[in-house]
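Here is a short briefing to read alongside the structure. Take a look at the chain first, and then work through the points below.

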Amino acid sequence: SSKLPPGGRLVTIEVDCYHAAIARSVLELSGMSPRVEVWIGHSENLIPRLMSRFGPNCVHAIFFDQKGTRYHDDLEMLEDGLLAEGAFVCADNVVRPGAPEFMWRGCDPPR
């Protein structure tokens, strides 16, 4: 969050309340909590809220690290007006256990 532009925000989505509590504690201790929000819930429920909270084209970078079979669905939601031009998209675990639909989209993005 230290590299965010003035007024920039970092939002992280965590499904596990325990992990979210740890993240919030670390952010508070580091002094970064005013610029970072930890949202608790499932990505399919929370991604749509980004539009109402931050407006269109608000996502400049995204890192996926959840169940690989969700990546393509979440990316599709983000592509519907949330991703900024030139946004950075990165995902973990795309080979093992695998995220073939996400990989296909990454290799042949919509035009």
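**Cysteines in a predicted model**

Cys17 counts as exposed, because its relative accessibility is 52%, above the 50% cut-off for that label. Keep in mind as you read that this is a predicted model.

**More on the cysteines**

- How far is the sulfur of Cys58 from the closest cysteine sulfur? That closest sulfur belongs to Cys90 and is 19 Å away, which is too far for a bond.
- A disulfide needs a pair of cysteine sulfur atoms within 2.5 Å, and by this rule the count is zero disulfides.

**The overall fold**

- Starting at the N terminus, you can follow the elements of the protein chain in the order β-α-β-α-β-α-β-α-α.
- The radius of gyration of the protein chain is 14 Å, close to the 13 Å from the globule rule for 111 residues, so the chain is as compact as a globular protein of that length.
- Along the principal axes, a box of roughly 40 × 30 × 25 Å holds the C-alpha atoms of the protein chain.
- Buried residues make up 27% of the 111 in the protein chain.
- Take the contacts between residues at least 6 apart in sequence: 67% of them join residues at least 24 apart.

**The largest pocket**

- The volume of the largest pocket is about 1,100 Å³.
- A total of 30 residues line the largest pocket, and Val11, Thr12, Ile13, Ile62 and Phe63 lie nearest its centre.
- Two or more lining residues come from each of β1 (10-14), α2 (43-54), β3 (59-64) and α3 (71-79).
- Which element gives the most to this lining? The answer is β3, with six residues.
- Sorted by class, the lining of the largest pocket has 16 nonpolar, seven polar and seven charged residues.

**The second largest pocket**

- The second largest pocket holds about 160 Å³ of space.
- This second largest pocket is lined by 11 residues, with Leu75, Val89, Phe102, Arg105 and Gly106 closest to its centre.
- The elements giving two or more residues to the lining of the second largest pocket are α3, β4 (83-91) and α5 (100-107).
- From α5 come five residues, the largest share of the lining of the second largest pocket.
- The classes in the lining of the second largest pocket are eight nonpolar, one polar and two charged residues.

Key. Residues are numbered from 1 along each chain as its sequence is written. This is a predicted model: local features need pLDDT of at least 70, side-chain atom pairs count only at pLDDT 80 or more; totals for chains, interfaces and linings use all residues. Side-chain values use heavy atoms; hydrogens and water are left out. Buried means under 20% relative accessible area, exposed over 50%, partly exposed in between (1.4 Å probe, protein chains only). On a 1 Å grid over the protein atoms alone, a cavity is a set of points where a 1.4 Å probe fits but cannot get out, and a pocket is an open set with protein on both sides within 12 Å along at least five of seven lines; lining residues have an atom within 4 Å of a point. Grid points are joined across faces, edges and corners, and a volume is the space filled by probe spheres set on the points. Helices (H or I, at least four residues) and strands (E, at least two) are DSSP runs, numbered from the N terminus. Ala, Val, Leu, Ile, Met, Phe, Trp, Tyr, Cys and Pro count as nonpolar, Asp, Glu, Lys and Arg as charged, and the others, Gly among them, as polar. The radius of gyration is taken over C-alpha atoms; the globule rule is 2.2 Å times the number of residues to the power 0.38. Contact means heavy atoms within 4.5 Å.
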